[in-house]
Amino acid sequence: MIRLHHLNRSRSLRIMWLLEEIGVDFELVAYHRDKQTRLAPAELQDIHPLGKSPVIEMDGRVIAESAAIVEMICATHAPQMIPDQGTASYVQHLELMHFAEGSAMLPPLLALYTSMLGEAAAPLQPRITSEMRNHFSYMESQLRASGHFVLDELSAVDAMMIFPAEIAVRDDGATQYPALAKFVEAIHARPAYQRAQARDNG
Ligand SMILES: N[C@@H](CCC(=O)N[C@@H](CS)C(=O)NCC(=O)O)C(=O)O
């Protein structure tokens with residue numbers, strides 16, 4: 001049995017969605033962000049020293065980092081969501097699994113933190129904005145005609161990409177990145193995503 005340590009309104013939703021999608025039994029342990037700071041409660045540090053979410057417990061191991069979690073869950077419960085090793089698709093899978101957290105999330109996080117600095121952050125803004133465009137345009141270009149990343153059906157990379165894609169299409173992003181907007185819309189319409197969303201809100 002998988003236990004998911006889930007923080008509300010967080011990247012952990014992609015893991016809950018994946019578990020709902022593949023129909024694996026899991027136990028949800030819910031945590032709520034501090035109303036003022038929006039940070040995770042201290043109890044999460046008792047589960048994993050980073051004190052962040054998502055974290056899963058699986059086969060006696062505690063695993064942090066969304067990409068590692070998605071990879072582990074797919075490898076053991078939905079191997080069809082990972083391309084075969086040795087193929088070009090597998091290399092693309094590997095690149096995008098790392099890209100989703102390692103590159104795509106840095107400019108939005110910088111934008112969030114520098115927004116607290118007011119005018120002092122002005123010299124950084126052009127670079128943050130151009131990197132945001134660079135990453136989101138790359139994501140837009142990587143979507144296949146089927147509306148998925150890497151494979152023509154739901155794959156591990158789709159589960160990783162939903163989070164940065166939602167950020168890309170926020171505000172006026174949907175007109176700038178129409179393929180990403182369709183991707184986000186299609187995923188939000190999936191019954192498994194809606195079940196996960198309802199549990200996140202509940
Ligand atoms: N790269 C990590 C990021 C984990 C992360 O930063 N999670 C956020 C939620 S979106 C968190 O727990 N923030 C609360 C905090 O830092 O107190 C992953 O992909 O799992």
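Across the boundary between the domains, 15 residues of domain 1 are in contact with 14 residues of domain 2, where contact means that the C-beta atoms of two residues, placed from the backbone, lie within 7 Å. This is a predicted model, in which local features need pLDDT of at least 70 and side-chain atom pairs count only at pLDDT 80 or more, while totals for chains, interfaces and linings use all residues. Residues are numbered from 1 along each chain as its sequence is written.

The domain assignment of the chain gives domain 1 as 2-80 + 192-201 and domain 2 as 82-190, with bounds that come from an automatic or database domain assignment. The C-alpha centres of domain 1 and domain 2 lie 20 Å apart.

**A residue in helix H6**

His135 is found in helix H6, residues 125-142; helices (H or I, at least four residues) are DSSP runs, numbered from the N terminus. His135 counts as buried because it has 21 C-beta neighbours inside 10 Å, and the cut-off for buried is 20 or more other C-beta atoms within 10 Å of a residue's own, all placed from the backbone. Leaving aside residues up to four places away in sequence, His135 touches Ser103, Ala104 and Pro107. His135 and Pro164 are 29 residues apart in sequence, and their C-alpha atoms are 9.5 Å apart in space.

**Around the ligand**

The residues around the ligand include Leu7, Arg11, Lys52 and Glu101, where a residue is near a molecule if its C-beta atom, placed from the backbone, lies within 6 Å of it.

Terms used
Helix = DSSP H or I, 4+ residues; strand = E, 2+ residues; numbered from the N terminus. Buried ≥ 20, exposed ≤ 12 C-beta atoms within 10 Å, placed from the backbone.
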